[in-house]
Amino acid sequence: MNDLVLSTSELRRDYHMGGDVVHAVRGVSLDIARGEYVAIVGPSGCGKSTMLNLLGGIDRPTSGAVTIDGARVDRMSDRESTRFRLHHLGFVFQRFYLMPALTALENVELPMAEAKVPRGERVARARELLAYVGLGARVEHRPAQLSGGEQQRVAIARALANRPRVLFADEPTGELDAHTGTEMIALLEQVNRDGTTIVVVTHDDVLAQAARRVVHMRDGVVVDDRMATR
Amino acid sequence: MLLPLLLLAAAQQIDSIPPRVAPRTVAVDERLAGDVGLRVGDRMVLSSTPGGPGDTVIVGALVQRAADPSEVARAEYRVRMHLDELQSLIGYGDRVDRFAVQTRGGAHTDSAIRAINHAAFGFQAYRSREIAVETSQTFLVVSRFHRAIGVITIVASAIFLLCIMLLKVDERRRDVAALRMIGISARSIVRSVIVEAASIAVAGSGVGVAIGWAASLGINWFYRGVYRTPLAFAIVTPGIVALAVALSIVLGLVAGFLAAQRLVRTPPLELLSGRREQRGAANAAAI
Amino acid sequence: MLFHLAWATLLRHRGRTVLTVLGVAVSAAMLLDMVMLSSGMRASFRNMLVASGFELRIAPKGTLPFDTDATIPNATSIAHRLQADSDVTTVSPVLGGQLHVTVGQRTINATALGGIGRVQGDYDITDGRVPSAPDEVVASAEFLRASGLAIGDTIRAAAGYDPELRTTTGSRALRIVGRAHFVYLPAEQRAIALPLETLQRMQGARSTDRVSLFMVKTRAGANADTVLHRLQRTLPNVSMISTASAMQQVDQRLSYFRQLALILGAVSLAVGFLLVTTLVTVSVNERLGEIVIMRAIGVARERIVLQIVLEGIAIMLAGAIVGLGLGLLTARYLNSILASFPGLPAAIDFFLFEPHDAWTALGLLTAVGILAGVYPSWRGASLPIALTLREEAVG
């Protein structure tokens with residue numbers, strides 16, 4: 001597992017708030033190998049969510065480089081980075097952010113439809129993914145009819161739809177109770193075991209411990225980066 | 001009856017007709033004068049048939065057109081001349097189309113009408129008001145049409161207003177939910193929305209009245225130019241302003257009330273999450 | 001998927017969607033009515049003028065047909081000179097007047113039209129036949145109803161009435177041989193058509209060899225305006241009007257309604273635009289999280305804009321369909337008001353529906369629906385993803 005899927009070099013992100021400048025990320029260099037399961041942890045305001053957004057091409061760095069599978073994400077135009085995210089990356093958020101007007105099946109289909117996957121193929125894969133996350137019997141339910149944990153499972157299935165190289169998760173257990181959170185952690189472990197590189201940002205110690213590598217951030221810099229002890 | 005040359009005989013005092021030795025004067029309406037370039041003192045020939053023999057007359061005065069709605073759409077020219085001259089010119093003899101009679105008013109008018117109609121051979125006396133009603137049918141139709149458009153506009157405005165109020169109030173449902181959760185009563189919320197709706201309605205009315213007044217100036221300027229008449233086509237009266245303002249305020253209040261009621265009837269948690277109560281049952285089943 | 005998402009989003013807020021559709025329907029109805037008004041009167045007037053096939057009308061100098069009581073002298077000579085023109089196929093002389101018909105103790109007044117039965121273009125026979133003898137007439141349905149008479153009855157009619165002596169002049173017995181629909185007269189008008197010579201005799205010396213109007217048909221392929229100019233040179237003491245110049249007169253006299261139609265139509269479009277913009281803006285603001293997530297997972301901005309614009313178009317189209325029915329109903333009501341103008345020919349409609357009008361209104365509404373949705377959706381789809389997600393999380 002030495003081949004790198006993601007690397008950053010001297011990554012910086014500054015925000016201008018009125019007359020002040022906030023240095024959210026200060027010169028972070030990070031390498032992630034294919035198949036790794038990395039947790040980025042740290043106190044509130046340490047820059048971990050900003051770091052995730054930079055890694056995923058959702059935000060543009062003030063300076064520095066982000067490379068995913070040889071592609072310089074930081075140099076892509078908005079259109080290019082959108083296409084890149086569609087085909088190569090997956091995202092899971094704290095608040096699930098499913099389309100409330102669509103069923104679970106249709107939510108998982110959405111990225112595949114955008115990628116012009118033929119209908120028959122994408123429906124079959126969506127069903128397969130929902131079964132994989134344990135929701136095979138709930139495919140026609142809308143988000144309002146699903147529990148928080150079920151919604152997050154659908155979000156994970158959606159993130160896996162286009163076979164991403166990296167799956168980014170921002171506080172995936174943040175809105176879940178302890179029991180459901182544990183189920184989510186187990187699911188992410190399963191996803192990683194099946195070959196998907198995962199980068200997760202979390203406050204949750206249990207989730208952090210499930211990762212194989214933990215990167216500690218404070219005040220925008222990485223203060224510790226070690227393999228997790230189990 | 002109107003004559004081929006569209007001449008209108010004004011009822012002047014009927015004197016004994018002196019032998020004419022010099023051209024007599026006529027009064028010409030300003031539209032005719034403007035179109036053919038006539039000025040006071042110019043001579044012209046009046047005839048009852050096109051190209052036929054006629055009388056030479058002198059333009060003695062230019063007459064401004066009256067603000068008469070019945071003249072607006074008709075592109076007529078008018079010449080005022082002495083009665084006897086017109087009678088002679090058109091071979092009408094000792095005849096007129098009508099007499100206009102001024103009485104001492106009140107009961108005198110009634111008794112005059114009775115006396116005339118009793119003694120009359122082949123003519124009838126009418127109050128001017130009765131004639132006006134008959135001849136203003138066209139404008140009654142236009143009034144009815146305008147009123148219908150007005151009613152349709154009011155109904156349409158009510159629907160538009162309700163739509164927009166519902167949308168805008170709906171946009172703030174999370175704020176309303178938070179207020180309800182910290183203990184603000186539904187009544188207070190409804191009241192505040194109504195006050196807001198009323199303020200918008202009053203402000204909107206003010207702007208609307210200003211726009212309407214400005215539009216009426218524009219309409220009068222434009223149509224007076226098109227029809228060459230001093231007639232006022234659009235008049236904004238205090239009554240109309242009062243009606244428009246009252247209507248918009250009432251509509252605004254009703255729309256605000258309905259929008260607010262819809263919001264406060266929804267439980268706060270549902271407002272926040274957007275989920276309905278029956279989700280609770282689905283939740284229990286899933287776990 | 002985009003269509004499905006747009007549709008599903010609209011259905012999610014049914015009440016709001018229905019109310020907005022209703023608002024758009026009212027706007028669409030008014031727009032349709034105004035489009036109908038702006039072209040209807042003109043179209044129906046033109047249809048009325050060309051219905052009988054007469055392209056030219058000749059009236060006393062300086063007047064429009066039947067605008068005054070003036071008549072054209074030397075009618076026979078003028079008719080011959082008109083007929084002599086190689087491009088003229090039919091000349092129909094018409095004399096107007098009043099007939100005072102005695103029915104029992106009552107006197108009923110009727111508009112009289114004297115013409116030549118085989119060439120006339122003023123009426124269509126609905127029952128019976130065209131007058132062929134000097135003492136035969138046809139009458140309007142309203143006259144027959146008011147008088148209680150029927151086809152086959154004989155009437156006593158006079159062309160003149162002396163109010164001083166209360167006596168009639170030019171009285172004659174006439175037989176009703178048909179019922180007719182008078183094309184250029186109001187539906188409620190009491191009217192009688194009779195041979196031209198009969199009416200001239202009844203009117204006495206003042207109408208000898210005089211008519212109120214000539215209607216002229218030109219041969220197929222001839223340019224009516226060219227014929228008009230040629231005839232005008234030979235007959236300078238009359239006024240000639242082609243259908244085109246008559247339409248110009250009508251345009252000028254009825255310009256008020258066209259301008260009203262334009263203004264109200266524009267206001268309707270503006271209000272429809274405002275409604276859809278408001279709906280789309282509110283909808284976008286509510287769904288900012290969903291929108292940026294779609295961007296985050298890789299849906300292109302243009303596709304998001306397209307999906308939201310589709311919602312606006314769907315509302316416009318639904319509103320347009322409902323508005324079509326509503327518009328036709330209100331047009332009928334408004335037309336019934338305007339149709340009561342005194343002296344308005346029955347053939348004139350102010351609100352005339354032509355499919356072209358519906359397509360025009362639909363096209364305008366669709367364009368407005370697109371414009372209304374584009375800006376708010378583009379704005380929503382262009383928000384910075386990371387910042388918006390943070391704000392949504394905090395909110």
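Colleague: Leaving aside its neighbours within four places in sequence, with which residues is C:L31 in contact?

Modeller: In this predicted model, the partners of C:L31 beyond its sequence neighbours are C:G265, C:S268, C:L269, C:A361, C:L364 and C:L365.

Colleague: At what angle do helix 2 and helix 8 of chain C pack, and how far apart are their axes?

Modeller: For a helix pair, one reads the angle together with the distance between the axes. Helix 2 of chain C, residues 14-51, and helix 8 of chain C, residues 255-286, pack at about 160°, and their axes are 8 Å apart. Because angles over 145 degrees count as roughly antiparallel, helix 2 of chain C is described as roughly antiparallel to helix 8 of chain C. The crossing of these two helices of chain C is left-handed, and the residues in their contact divide into 17 nonpolar, seven polar and one charged.

Colleague: Is the crossing of helix 6 of chain B and helix 10 of chain C left-handed or right-handed?

Modeller: The crossing of helix 6 of chain B and helix 10 of chain C is right-handed. From helix 6 of chain B the contact takes B:V141, B:R144, B:F145, B:A148 and B:I152, while helix 10 of chain C supplies C:T330, C:Y333, C:L334, C:I337 and C:L338. By class, that contact has eight nonpolar, one polar and one charged residues.

Colleague: How many residues does each chain bring to the contact between chain B and chain C?

Modeller: For a whole interface, one counts the residues on each side and then looks at their classes. Chain B brings 27 residues and chain C brings 36, and the side of chain B that touches chain C has 20 nonpolar, four polar and three charged residues. Where chain A meets chain C, 23 residues of chain A are in contact with 18 residues of chain C. On the chain A side, the elements giving two or more residues are helix 2 (78-88) and helix 3 (104-114), and helix 2 of chain A has the largest share, with six residues. By class, this side of chain A has twelve nonpolar, four polar and seven charged residues.

Colleague: Turning to chain B by itself, what does its secondary structure come to?

Modeller: Chain B has eleven helices and four strands. Of its 287 residues, 15% are buried, and among contacts in chain B between residues at least 6 apart in sequence, 74% join residues at least 24 apart.

Colleague: Is B:V193 buried or exposed?

Modeller: Burial is read here from a count of neighbours, and the cut-off for a buried residue is 20 or more other C-beta atoms within 10 Å. B:V193 has 24 such atoms within 10 Å, so this residue is buried. B:V193 lies in helix 8 of chain B, residues 186-227, and, not counting residues up to four places away in sequence, B:V193 touches B:V169, B:G256, B:A259 and B:A260. B:V193 and B:V250 are 57 residues apart in sequence, and their C-alpha atoms are 14 Å apart in space.

Colleague: Which value of phi does A:Y97 have, and where does A:Y97 lie?

Modeller: A:Y97 has a positive phi of about 55° although it is not a glycine, and A:Y97 lies in the loop between strand 6 (89-92) and helix 3 of chain A. With 24 C-beta neighbours inside 10 Å, A:Y97 counts as buried. A:R163, also not a glycine, has a positive phi of about 50° and is placed in the loop between helix 5 (148-160) and strand 7 (166-170) of chain A. A:R163, however, is exposed, with 12 other C-beta atoms within 10 Å.

Definitions and conventions. Residues are numbered from 1 along each chain as its sequence is written. Chains are lettered from A and ligands numbered from 1 in the order in which they are written. This is a predicted model: local features need pLDDT of at least 70, side-chain atom pairs count only at pLDDT 80 or more; totals for chains, interfaces and linings use all residues. Axes are lines fitted to C-alpha atoms, for helices over the stretch in contact, and angles run from 0 to 180 degrees between N-to-C directions. Angles under 35 degrees count as roughly parallel, over 145 as roughly antiparallel, 65 to 115 as roughly perpendicular and the rest as oblique. A crossing is left-handed if the near helix is turned anticlockwise from the far one by less than a right angle, and right-handed if clockwise. Ala, Val, Leu, Ile, Met, Phe, Trp, Tyr, Cys and Pro count as nonpolar, Asp, Glu, Lys and Arg as charged, and the others, Gly among them, as polar. Two residues are in contact if their C-beta atoms, placed from the backbone, lie within 7 Å.
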